[in-house]
Amino acid sequence: MIETKRKSKLKAQRGEPAGGSYAISDFDSHIHISQLPNSHFDSAKFILQTRQNQERKKGKKMKYVLVTGGVVSGLGKGVTASSIGLLLKSCGFRVTSIKIDPYLNTDAGTMSPFEHGEVFVLDDGGEVDLDLGNYERFLDITLTRDNNITTGKIYQSVINKERRGDYLGKTVQVVPHITDAIQEWIERAAKIPVDGKEGPADICVIELGGTIGDIESMPFIEALGQFSYRVDPGDFCLVHVSLVPVLNVVGEQKTKPTQHSVRGLRGLGLTPNILACRSTMALEENVKQKLCQFCHVPAENIVTLYDVPNIWHIPLLLRDQKAHEAILKELNLLGIARKPDLTEWTARTKVYDMLHDPVKIAMVGKYIGLKDSYLSVLKALLHASVGCRKKLIVEWVEASHLEDITAKEDPDTYKAAWNRLKGADGILVPGGFGDRGVQGKILAAKYARESKVPFLGICLGMQIAVIEYARSVLGLHNANTEEFDPQTSNPCVIFMPEGSKTHMGGTMRLGSRRTYFKIPDCKSAKLYGDATFVDERHRHRYEVNPDMISKLEAAGLSFVGRDETGRRMEIVELPSHPFFIGVQFHPEFKSRPGKPSALFSGLIAASCGQLDLLLNKSDHVSKGVANGLNTGKATPKVWQNGNCLKSANGSLNGVYSNGNGVHH
């Protein structure tokens, strides 16, 4: 009896759960349990925490999952990598992500949206590939600019080292200097905490952009081949996403493209552990066996990513095919993983699939030829529409088609564009650069203001709303922005003093900035849960002219949100309008599944007649303190990423539900 008490006391001091005994040993990265306690969950949790603490003390071992693509581009590697990360996170692991882009640009900031889709902006001001937006939305994490690796960044860092003399007179070559720099960058970026907790994550999911065989990606493939041997056995898993097409003439699934892709990958020094096959339908059993035989991958490690109604189904597809077990087995983590918990994710997906009551939003932009140019805006609209239990329909309106010149040159196109605009329940004017289509955006803002149609302007969308008001209400017919008319006598929008007119890359006002609400009872503050201030991400060179604010406010506009100086305008509202809001920041970048952006929720709610109901729910908004702010007074209310609104017409697990995919 005394001995039993002594053992119990020792267990308590060590923090072990009571009931039963077990031993932990580390052999080939496995944790073995000699005897489970009464609570299996407590046991697994304790073992995982103990192992993590031990590895943290001796230098934690990171596990890596590499996602590559073959045959053709556009197979959905980004969504696959995000889904794998989500699945592993649901198994109880902390997950981070890295995207490798083989182009020579230092970052995505100077590329046209037509070239590479939208530029996603991070909290630290990094202008990165849109796939990092998928990672943040799926995993609910906050990445850094170092989580996006480009050829430009790698070569720039190596050349800087060479100029400093760091290579001690050696001949600097692709191998080993470039490949070593790539591996070191991966190891460094993988250790950056991205989930708000201390210490590095457990697993890093790496996506290699492009297709196997591309010339520009060769240094990265060589580096990753070396990296697979640089880490310990059981710390690296390669998932290869490939295409299994179905030829209409024959009507059968063809494996030859995937066979050639895997052969090329193996020839470059990388061996896939798991095949993720894109196809229009699930793989037939004989097709799986053929791939197993010719690609040297076990049949249980071959999964199908067939066509689904929306990408929210992809993590569920992977789970149902036990992809997590195959990955965790390769990483020697299967023994300590819990069963994947995707209950809320599954519920949201079902809610999205059942939506039928439409809400129609007109997207007035200049890059509508490539829908990925507005990917985050689309996702934010979708998050909000599902939260309001509405089926999103996006009416794409090319801004230049609304202009008078189109009426003369192509009357049918002009008429069709205006019909789409006037048939929408709400209007959104997103950001953009250059003067093409600006007059059309101004006309859209004027129509929304005069017709009392819900309106949300983002970045340039806010600026053109101010210009339109100055022209139409103040009578300043030549009012303009210095961006498009440097000589205008009534500059409503001016170049920011700290900006650069000679260097374009990374010189804008970028990243997370704080906006203070000057009018507590405005619609924006209510949507943010009566917050005192809000942190949102920015990307702009021009701002509303502070010298014109008094005239504009005297005429009815209200600049309800400003920066800490009070001179930089962040949020504008028209109080006499049911919903007319413009913001200088980009709220779409922080919208999350189940946690929609407050302003997008407001636009959707106003467009379907639920705004008053949503505003009355503001008392239910989660609140927190940002950056440890302490004024010595009552704790101010702040809206940050991670907080959420309750649904205006019923809730799912207490938060807005969400889905992905858009109906056109």
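**Exercise 1.** In this predicted model, helices H9 and H10 are roughly parallel to each other; work out why this description applies, and state which hand their crossing has.

*Solution.* General principle: two packed helices are described by the angle between their axes and the distance between the axes. Taking the distance and angle together, the axes of H9 (residues 256–267) and H10 (residues 285–295) come within 10 Å and cross at roughly 25°. Angles under 35 degrees count as roughly parallel, and H9 and H10 are therefore described in that way. The hand of the crossing of H9 and H10 is right-handed.

**Exercise 2.** Identify which residues of H9 and H10 meet, and sort the contact by class.

*Solution.* On the H9 side the residues are Thr258, Gln259, Val262 and Arg266, and these meet Lys290, Leu291, Phe294 and Cys295 of H10. Sorted by class, the contact of H9 with H10 holds 4 nonpolar, 2 polar and 2 charged residues.

**Exercise 3.** Describe the largest pocket by its volume, its lining residues and the elements that contribute to that lining.

*Solution.* Begin with the volume, which is about 1100 Å³ for the largest pocket. Its lining is made up of 42 residues, and of these Gly74, Gly76, Leu130, Asp131 and Asp372 lie nearest the centre of the pocket. The elements that give two or more residues to this lining are the helices H3 (77–90), H5 (131–139) and H14 (375–387), together with the strands E4 (95–101) and E11 (302–306). The largest share, 4 residues, comes from H3. Finally, the classes of the lining residues are 15 nonpolar, 14 polar and 13 charged.

Conventions. Residues numbered from 1 in each chain as written. Predicted model: local features only at pLDDT ≥ 70, side-chain atom pairs only at ≥ 80, totals over all residues. Heavy atoms only, no water. 1 Å grid on protein atoms, 1.4 Å probe; cavity = no way out; pocket = protein on both sides within 12 Å on 5 of 7 lines; lining within 4 Å. Points joined across faces, edges and corners; volume = space filled by probe spheres on them. Nonpolar A, V, L, I, M, F, W, Y, C, P; charged D, E, K, R; others polar. Axes fitted to C-alpha atoms, helices over the stretch in contact; angles between N-to-C directions. Parallel < 35°, antiparallel > 145°, perpendicular 65-115°, else oblique. Left-handed = near helix turned anticlockwise from the far one by under 90°. Contact = heavy atoms within 4.5 Å.
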